[in-house]
Amino acid sequence: YYAQYTQGPLKTADYRYNDIYSALAQAVVDTPNADKVYTADYLAGVQSALDNNVQPGLPASQQQAVNDATQALANAISDPQYINYTIRFLNGDQVISTSNTYHYDDVVQTPATNPNKESTAAKVYEFSGWDPAVTRVTQDQDYVAQFNESDRYYTVTYNYHGGTSTEAVKYGDTAQNPPTVNR
């Protein structure tokens, strides 16, 4: 910021950016942003911006705005307020884990044990991960268990004179390899 002088009377210095920084600082403190948590480092950066823009001779109304914003920032730095996000893990329609104590950019912790899905007569299910992929917190989020599906096989055992033989047969198929037995 530069005061401009002419041959005549002194021109008023331009302090309009102090109002912008004051408004920014107050917005940081008064209006939580769903996409950000204002950490102490972030708020300290805004404070620094305010400190570097306080000019000698600032009109009283603007100086008071800067002072108020500075105090509000000091309060926010010493006692930051965070938005809590709810993270849920679902297995189908069943909620298997819920936490609403996550903050923006926290690392999400998955449940300690993987969910399972009961096999049917025809299919077997193996847990493959979460949808969407588990990442850092940016919003309330539901993660749904995903499963790989494969055919279920049964063991057919042939007992015959002098021994046994087995064959794996997919559900719904017919056994194809019975042993040849000599009498």
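Leaving aside neighbours within four places in sequence, F89 is in contact (heavy atoms within 4.5 Å) with Q94, V95, I96, S97, V108, Q109, T110, P111, W130, V134 and Y143. The model is predicted, so local features need pLDDT of at least 70 and side-chain atom pairs count only at pLDDT 80 or more, while totals for chains, interfaces and linings use all residues. Residues are numbered from 1 along each chain as its sequence is written, and side-chain values use heavy atoms, with hydrogens and water left out.

**The core**
- F89 is one of 11 residues in the largest nonpolar core, which also includes Y85, I87, W130 and Y143; such a core is a set of buried Ala, Val, Leu, Ile, Met, Phe, Trp, Tyr and Cys residues joined through side-chain atoms within 4.5 Å.
- Two or more residues of this core come from each of β1 (85-91), β3 and β4, where strands are DSSP runs (E, at least two residues) numbered from the N terminus.

**The sheet**
- Four strands form an open sheet with mixed pairing, in the order β2-β1-β4-β3, and two strands pair if DSSP finds at least two bridges between them.
- Because β2 (94-102) and β3 (123-131) stand at the edges with a single partner strand each, one side of each is left without a neighbour in the sheet.
- β3 runs antiparallel to β4 (residues 141-151) and is joined to β4 by eight bridges, with E126 standing opposite N148 in β4.

**A buried proline**
- P115, in the loop between β2 and β3, is buried (under 20% relative accessible area, 1.4 Å probe, protein chains only), with a value of 10%.
- Not counting residues up to four places away in sequence, P115 touches N91, I96, F127, W130, A145 and F147.

Definitions and conventions:
Buried < 20%, exposed > 50% of the residue type's maximum accessible area, 1.4 Å probe, protein only.
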